[in-house]
Amino acid sequence: MKFLSAFYKRKIAFAGLIFISLLVVFAVFAPFIATFDPQGMNPVDKLRSPDSTYFFGTDNFGRDIFSRVVYGARTSLTGSAGVILFSLSIGVLIGVSSGYFRKIEPYLMRLIDVLMAFPPLLLALVLVSILGRGMGNVIIAVGATYLTRTTRIVYGLTLKLREEPYIEAAISSGVKQKWIILKHILPNMMSPLIVQATFTFAFSLLDMAALDFLGLGIPPSIPSWGNMLSEGRMYLTRAPWLLIFPGACIVLTVLSFNLAGDVLRDRLDPHFRRDIEGV
Amino acid sequence: MNKWIRTVTVLGICFLLLAAAGMAFAAEKGGMLRVAVIDEPPTLDQHVVTSDLTTMIAQHIFEGLYTFDSKYSPVPLLVKSEEIKDGGKIAVLGLREGVKFHNGKELDAEDVLASMERWGKFGARGPVLFSNLEKVEATGKYEVTLTFKAPFAPWKNLLAFMNGGPVIYPKDVASSAEKTPITPDQYIGTGPYKFAERNPGRYIKLVRNEEYAYRAEPADGYAGKREALFDEIRFIPVPDVGTRVNGVKAGDYDYAEQILGDLFNSLKDDPSVVTTVNQGANQGMMFFNSRNGVLKDNFKLRQALQASVNMEPVLQSAIGPVELWKASGSFMPETTLWYSKAGLDRFSAGNQELAKKLAKEAGYNGEKITFMASTSYKFHYDSTLVIVKQLQEAGFNIDHQIYDWATLISKRGDPTQWDIFFTHHGFVPDPILYTFMSESYPGWWTTDTKKALAAEFAGTLDATKRKEVWDKIQALVYEEVPVMKTGDHFTYDIYSPRLQGLSASSLIWPKFWGVRFK
Amino acid sequence: MLSYIVRRIGSMIPSLLLASIIVFSFIHLIPGDPAQIMLGDQATPEQVQGLREAMGLDRPLYVQYGRWLSGVVRGDFGNSIFFHQPVLDVILDRAETSIFIAVFSMLLIILVGVPIGILSAVRYNSWPDQLFSGLSMFFASVPTFWLGLNLMLLFSVILRWLPTSGFPSILESGNWSNLRYLVLPCITLAAPNSALIIRLTRSSMLDVAKADYVKTARAKGLSEGAVNIRHIFRNSLISVVSALGFTFVALMAGTVVTETVFSLPGIGRLVVESVLRRDYPTIQGIILIIAFLYMVINLLVDLSFAILDPRIRYS
């Protein structure tokens, strides 16, 4: 609740929050909101500019762009959520283990350091090339690039938390390791991690769009904003509506999440604030 | 006095004529042509690769024994005279004398022999000719003799087709070359332009060959006089089509190839660029797996799949404006004598009812059919999207798998991995070059009927009789359905209005000799 | 300090070794191979196999790895399968473009981002602060190629002020006016990256302003301006320098989208194209070099901390 009140202060962030809620509604209720089958092709109607039937116009296959944008919300939200889940769960596992158990720390962190040395986009595209294109594989590939950063952050947080007086007190009074981690360390990480997750959401959306642009992302049979941009980019002069609507959606979504993360971060304990990477 | 005036007038006129000639000459020649191409070619070694990009560039550097005129007929290029003996089994080719390679050495029969042998062993299309060849020998300083096992009609077409074809390298280059492509320092040919430099990622540079030995005949297609009017030609890789278009409009490039179909109509009317269509039709082709899987022997099932697809929406979506495609079922285009109507009643039927009926008769029970396509070529993916939709609507269980080109090729080699894959076929001058005529190309069409007809096709010499056999082969293709063609489509390029000498359409690959700045 | 540096350099070696193993195995896990790509669609399986053998691609993986690694330690990264040139030459050709882009984009980012960040911090929560935050965040949310294409459309096609694409070499021709080819790409790259720097500069300054030693400086009687610049800024530099370091590496290698739009012969595009062509030696070479660069920058950034913050000492 204290989070929500933070949004009232910065009006723009509040607008962003509303946009995100709208997006979630669109994603969940896509079949009811979309006016056409997003894959339904109508070559006769190809490249129509927006009108009353096709709100956002049609693409080079005669597919309705409005419906594709609506279903694209589903894809983009699922994708980014998947990346967060993947990178966060594994990141927490490795990060906490390294931060807490001094013995394995050097090996795990060395591995993470080496992986971080690879440019993220390249790592993602190599992974997609190996695994093949598919929603799950793209999530794993992009998730892997965020994994390293998340692990680093969790590791840093764990180290800081370990030194907190109440943790040291718990250790010296003989509380079990597992208990300490579960009851003290993890809950205190929640806030910074939530903030980090909002930024991950935003950037992973852009990363997946970049992969789509290179033809190595989500398979084109699934409507996604990134694919729409990638397929439509040749029509910049001929039919700009192919790019305007999915592009605007990406920008607004990423912007909303960045603003939200920003506001939330300002409310964080300054001790942890610096650890969060974001805009 | 009169004599003086006369002399001065004559001298004056001569001077004026010379000046005019000089100026015209100066205006015609010179300058650097900048051609924006879609990618960098893997190599310029014409023997081993069939990349069209390679041929577009390499045709300026290397030459072969024959080439094509505007009617796609093979005419002599490096050859001077030919003599056919023994009912077609022996061809004695006399070479032109005084033709120099770019390194100054004169071309003779040894160079031709070495190049032909290398091409025969390691060339992309070499085996097609050489499996029918008994031997090839140098029978004189400027004479080469080919002895065939049996009369083999397509030989001249094969010698004239440069794409994966027998260009002539100097003997020391050809005899030391094997499977690996020759290196840039070995790019020595006889053509109107010389290879100058390969700057990776930036350009490939050719410069005029001042010692080029011109043929006397006027230019006709790729044949005849090849005038090198530019000082330099640069082929610049610009992968993004939007950037290629913008570049020509802004004056950064003079020529840009392979422009998006949907931009054709607006570019056609745009006064800042000129559009030119490449007449060498490309065809989208679906290959069916004849070696393994649910489609292996089941011709009826294949016919069912064939019947369900209407190719017009496929071409409309994937290619764009009607000027750039033709839903034509004949494999060879109308402009050639190979145009055939055999079996066309089965082409582009789009009849879902018939498809379902045939599928039932074929015993189809909803088995999964794996259909591979690649996103590396936009129109591959776009075509299959529409085709798969139609197949699915007809009740077929299609598993549409998308890969990048490299992965697709690697999976294609394993017959257990696919049932159908999509590729495209470029223009070929002789039907024998169609990949489905080969027994080793994935698809592996090797029924007895086909083998018999293929042998007959190769052995018949008379053009009319060959056409009759080809009609039978095409009919067989529509019955056994080893492949399905989508239709003909044409790519188009754009260029700056400053260029003169390019025609409204190019034969197969755009060429830049006989072209100059206005 | 010196022993710290030596230790750090020493620990880079096992990291690089690990990196080389990861790179090699990942690349060879990708299906498809360069022989088939090179020969094209119509090559027979025998031709492909022949080329594969000629290239040494049929040997067991550990043998190929051993061969490659033994070359690398001697400085020989092998030959590019696609370009038939030593990988190092291919990379160096492209390095010029990438280095220029990285350096000039960084300059833009620093010259634009840092002053705005300072301004935003000094005028905390006023309208310039909100405006700049909003704008920078906006630019960080835009897909790069869209920004690039629109810039190209406006400045190259419509206004004709700048060229559309390509980048003729400056080092070869000595022609420094060729920098104009990099103006639009650098703007395209600088815009989203500035956001992070603005944000970091701003928040670093704000945090440090509240810290104890600034209170002490004020108590000592220094003027407001001197307090601002001398104390706050120096200590804020730490996170900013860190971010700048890693931005630089990203600008060297991760710019494939911009390079594709503007047709620039840089390293980003080279890697992606090499992956698509399965040009193993080139991919391996580049990624290893980038990893090395990253580790070096890491070290330099850490060392700079010692200079900027007297409390940090390495031994």
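This is a predicted model: local features need pLDDT of at least 70, side-chain atom pairs count only at pLDDT 80 or more; totals for chains, interfaces and linings use all residues.
Residues are numbered from 1 along each chain as its sequence is written, and chains are lettered from A and ligands numbered from 1 in the order in which they are written.

I took helices (H or I, at least four residues) and strands (E, at least two) as DSSP runs, numbered from the N terminus. For the length of α7(C) I noted that its 15 residues, at 1.5 Å a residue, should span 21 Å, and that the end C-alpha atoms lie 20 Å apart, which agrees; the expected span is 1.5 Å times one less than the number of residues. I then listed its buried residues, among them W146(C), L149(C) and M152(C), where buried requires 20 or more other C-beta atoms within 10 Å of the residue's own, with C-beta atoms placed from the backbone. After α7(C) comes R160(C), with a positive phi near 60°.

Next I looked up the chain contacts, which are called when C-beta atoms, placed from the backbone, lie within 7 Å. Here 40 residues of chain C are in contact with 37 residues of chain B. Several helices of chain C each supply at least two residues of this side, including α7 (144-158), and the largest share, 5 residues, comes from α3(C).

In chain B I turned to β1 (residues 32-37), where 5 of the 6 residues are buried, so the strand is largely enclosed by the rest of the structure. Two strands pair if DSSP finds at least two bridges between them; 6 bridges join β1(B) in parallel to β10(B), residues 232-237, and V35(B) stands opposite F235(B). With β11(B), residues 255-256, β1(B) pairs in the parallel sense over 2 bridges, A36(B) having A256(B) as its bridge partner.

Last, I traced an open sheet of 6 strands in chain B, with mixed pairing and the order β14-β18-β13-β17-β15-β16. Strands β14(B) and β16(B) stand at the edges with a single partner strand each, so one side of each is left without a neighbour in the sheet. Within this order, β15(B) and β17(B) pair in the parallel sense over 2 bridges, and M372(B) stands opposite F421(B).

Key. Two residues are in contact if their C-beta atoms, placed from the backbone, lie within 7 Å. A residue is buried if 20 or more other C-beta atoms lie within 10 Å of its own, exposed if 12 or fewer, and partly exposed in between; C-beta atoms are placed from the backbone.
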